[in-house]
Amino acid sequence: MKKQPGTEAYRFLGQDVRSKELPRHVSGRGRFVDDNQTRGMAFAAILRSPYPHARIRSVDASRAAAAPGVLAVLTPDEIRRSTQPFKMGRYAAGLPVQISEYAMAVDKVRYVGEPVAAVVAIDAMKAEDALELIDVDYEPLDSVVDPLEAMRPNSALVFDECGSNVVVNRALMFGDVDAALREADVIVRGDYRVHRYSSTALEPFACMASFDPTAGELTVLCNAQIPEVIHDGLKETLGIAAIRVIIADIGGAFGQKIHLIRKYVVITGLLARKCGRPVKWVEDRAEHMMAGGHSCGQIFKVEAGVRKDGTVLGIRIAEIDDVGGAVSTASIHFTNKLSALVNTYRVKNVALEGKSVVTNKCPVVPNRAIGKPALIFVWERMIDRIAEKLGLDPLAVRSINCIRKEEFPYLTPSGNMYDSGDYQRLLDTAAKEFGFAQLRKMQTEALQAGRYLGIGLAMAIEPGGRNAARDMSIAKERAVGAAGGINGATVRIERDGTVTIVLSTPNAGQAHETTACQVAAEVLDISPEFIRIAGPVFDSAVSAWGVASANSGQNFHLYDLGAVQGACQKLREKLLTLSSAIVGRPAESILVKDGTVWSREPREALISVGEVAKLSYSNQTVVPDGLEPGLQATFFYRFPHDVPFILPDENGRVQGQFTFAAGVHSAFVEVDIETGHVKVLRYLIVSDCGTIINPKVVDGMMYGAAAHGISAALGEGHVYDASGQLMTTTFTAYGKPTTQDSPHIEIIHEPCPSPFSVFGQKAAGDGAAIPAPAAIASAVENALKPFGVSVHELPLGPEAVLMLLDKARQKGAASVS
Amino acid sequence: MSDHKIVVTVNGRRQEAWVEARTLLVTFVRETLELTGTHIGCVIGECGACSLLVNGELVKSCLMLAMQADGAEITTIEGLERDAKLHPVQEAFVRELGGQCGFCTPGMVMASVYLLRQDNNPSEETIRRRLSGNLCMCTGYVQIVKSVQAAAEMLREQDQ
């Protein structure tokens, strides 16, 4: 299927095919959870902890239960009595003790906003009113907010069962870092910090549940990204015989809607079973900010051994992850780094050491590229530091360390098989198109006028298509429940010759429907306007199970598109065989294109695909012996290149992901030294995400991800006070950027198709969020070079910039005196 | 909680309803009128997902009580199409991919319609200023700005 770019053009791939999703969204016909209403529907509301850390002595919901319109209440006692805890999955790999995590707090509350009780009533307002009638007797405990303090022996414990707030402690070494440090000409060290932020999807969590006691079936409609997490969560906790998961439109997800949302689906499902009516629950903004999941605050200590020419011989990265008040996602910010551990570089000796520390904050979730923005922040800050220390050009240090294009496929020390890339070309294009030399001139001139301009650069890989076995590289038990990635799709030719695709992945804004139709159009040689996606996008009653991928590790491009391609290929072959039998000509002498079966020579229409389809469903006498009637095909795709490390070896080497896009980000900023405000004057991305299926879709993903990374670098983020209260429960307090804060972004594509995926495509989604914080940090530091400022921490909001300037001035004054 | 009778004209259709005094306009539009294209992203006027037009003015409908709309003419996202054809602003958002998940999209479209009624040739700076009350988490706004520019061009051609 793969064609060399430039030799044979694709008919539909690479085109800006009209969006399949947006016509319904621009006209208000989206199908979001809260847009649904059914007869007899009741509404749930959740009581949440006002304390960061407290023991729950008792919960008395009797007054609420007696309130007008209230149908049922849920308390911790009942949760403990009538549900089971979730099983700890791969997100908690390496956890030494089993911790019972229920859908609500049962003994203690461990973060502000943790659910404690729930009410279901005949309308939403009555449910909310009734929350005020629930009496909870809390015994407040010392809260654990700062992860470094949490690690001290005398700290209060978030989980008594663990005996320490360090719940996972792990170290992996590939090669020999100590030897590399000994051999090095120079050792460069750095301490770095990245703050908590999140993607704050505009649509908060939402769920509708209905329970049929006669069939024992629970049906949930929710805006979760990964249906399997919801299915398994309901099964584990409620033990219900039959579960149907439906997912329609999702109002943004970014990883945020993978994990914690399962709690709320369980609560809603339980309430539906209890009150005997369909129940809807919709989270509000403040609830989502408090308890919907954050990215991880990460603290790093790094040392690298470097040769005089800038070659990195070895690097040791030690991190402390502030994972918040739950253990079920304790490991993800560590294990996800394994997919990008050496970034785009050839370094052979790498160590990653990490401690996951629980605190009384919101649990962490897989937010937009899970830990990789922080890892790349560290890598790229280190490269800039190395350049500074050795008096080299930062571009040159990147060049000398980059994997060469002739080295692909490239096996990294931690076991990743990088598929393809030409990183030097990305750097060259960035240097040329961004015009570094000219910008430096501008910078010097501006400085004379008292303006502080800075040029920043960062590069990163964007791994795509996750390997579920990756997390097990740090688990004692090497037996794996899941490995690699599998996903299925069903494609059907309708009785009129049009095509329907049943996807097994929900759509959270990544244009999965448009892209899947484009792929089907290419294989079936029919215009995408005749292809539709069966909706709701995911329905476990008809969709295939697999590694669903509404942004999870950018699985869609690999697994789902592989499945759609495979199903269409099967269908195409079947259509030819069947048509050949129907028209009575050899299969080699006919072709199918644009809904018609044609003879090749002379080219004339023989029969419409619609007629063939109709016959395939209604007349068995035309179907050749041995051929299954009907024109429907299901195909399960599996990643084809699973050697050598799809399962971790004894050293923890593992293929974290399977395709490796890359990008170079260049930023040109101005820092106002009076206000600390940073303005992005120009931002350029030079990207390789392989074969591009829909340029506008890919660009859109990149703009959004980069904008988020830039904003996170410049101040967007969550802030807790010293007692563990979240100060950022609104968009304004949180610092969400508007149209006026987000810069214009330019993109240049330098695609290097993957030899492993069906069309050469690579991930193109979260990628641009990975290097963006590093690029901004680099530019801000560069702008403030006259003051001797060095940037080690994010975010760089105005206050932080002014503090950096103050610190540098004090240091300068001290050194003068 | 007292109930009040209101009369509104929504997308050209006169409607009467009883509302509780505390009912927000957005709740009234979504739940009572069942026009669910107007979305709720924050309920405190920060995100603009609930933007609609009240007597021709752009309003965040979570910041207004339904009672306050008594006697008003309201246009929601559902009221923009003519003869089953998308409004030029809607069409431009489809072509330029001015939305991704679609949750902010109706509000963005309403704010853009309002802007372009007043100025059919806005600069990028004007577009960015005038849409700053509408948040989007997916797009980084780049293609939203492009959509408004494309819509402006379509509207100018239409006017000629």
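Here are a few exercises with worked solutions on this predicted model.

**Exercise 1. The contact between chains A and B**

Work out how many residues each chain brings to the contact, and which elements of chain A take part.

Solution. Start with the head count: chain A puts in 43 residues and chain B puts in 39 residues. Next, look for elements of chain A that give two or more residues to the side touching chain B; these are helix H1 (22-26), helix H18 (695-713) and helix H19 (731-734). Of the contributors, H18(A) gives the most, with seven residues. Finally, sort chain A's side by residue type, and you get 14 nonpolar, 19 polar and 10 charged.

**Exercise 2. One helix of chain A**

Find out which residues of H7(A) are buried, and why they line one face of the helix.

Solution. First, get the helix in view: H7 of chain A covers residues 227-238, so to speak a run of 12 residues, and reaches 16 Å from its first C-alpha to its last, close to the 16 Å expected at 1.5 Å a residue. Now pick out the residues with 20 or more other C-beta atoms within 10 Å of their own. In H7(A), these buried residues are Pro227(A), Val229(A), Ile230(A), Gly233(A), Leu234(A) and Thr237(A). What sits over them? The cover includes strands S10 (217-222), S11 (242-247) and S22 (538-539), along with helix H8 (261-275), of chain A.

**Exercise 3. A helix of chain B**

Decide whether H2(B) is mostly covered or mostly open, and say what covers its buried residues.

Solution. Count first: six of the eight residues in H2(B) (88-95) are buried, so to speak mostly covered. By name, they are Pro88(B), Val89(B), Gln90(B), Ala92(B), Phe93(B) and Val94(B). The cover comes from both chains, and includes H1 of chain A as well as helices H3 (105-118) and H5 (142-159) of chain B. Leu97(B), which follows H2(B), has a positive phi near 60°.

**Exercise 4. Strand partners in chain B**

Trace how S1(B) pairs with S2(B) and with S5(B).

Solution. Take S2(B) to begin with: S1(B) (3-10) and S2(B) (13-20) run antiparallel, joined by eight bridges. Lys5(B) is found opposite Trp18(B). Two residues lie between the strands of this hairpin, where Asn11(B) has a positive phi near 50°. Now turn to S5(B) (73-75), which pairs with S1(B) in the parallel sense over two bridges. There, Thr9(B) has Glu73(B) as its bridge partner.

Notes:
Residues are numbered from 1 along each chain as its sequence is written. Chains are lettered from A and ligands numbered from 1 in the order in which they are written. This is a predicted model: local features need pLDDT of at least 70, side-chain atom pairs count only at pLDDT 80 or more; totals for chains, interfaces and linings use all residues. Two residues are in contact if their C-beta atoms, placed from the backbone, lie within 7 Å. Helices (H or I, at least four residues) and strands (E, at least two) are DSSP runs, numbered from the N terminus. Ala, Val, Leu, Ile, Met, Phe, Trp, Tyr, Cys and Pro count as nonpolar, Asp, Glu, Lys and Arg as charged, and the others, Gly among them, as polar. The expected span of a helix is 1.5 Å times one less than its number of residues. A residue is buried if 20 or more other C-beta atoms lie within 10 Å of its own, exposed if 12 or fewer, and partly exposed in between; C-beta atoms are placed from the backbone. The arc is that of the directions from the helix axis to the C-beta atoms. Two strands pair if DSSP finds at least two bridges between them.
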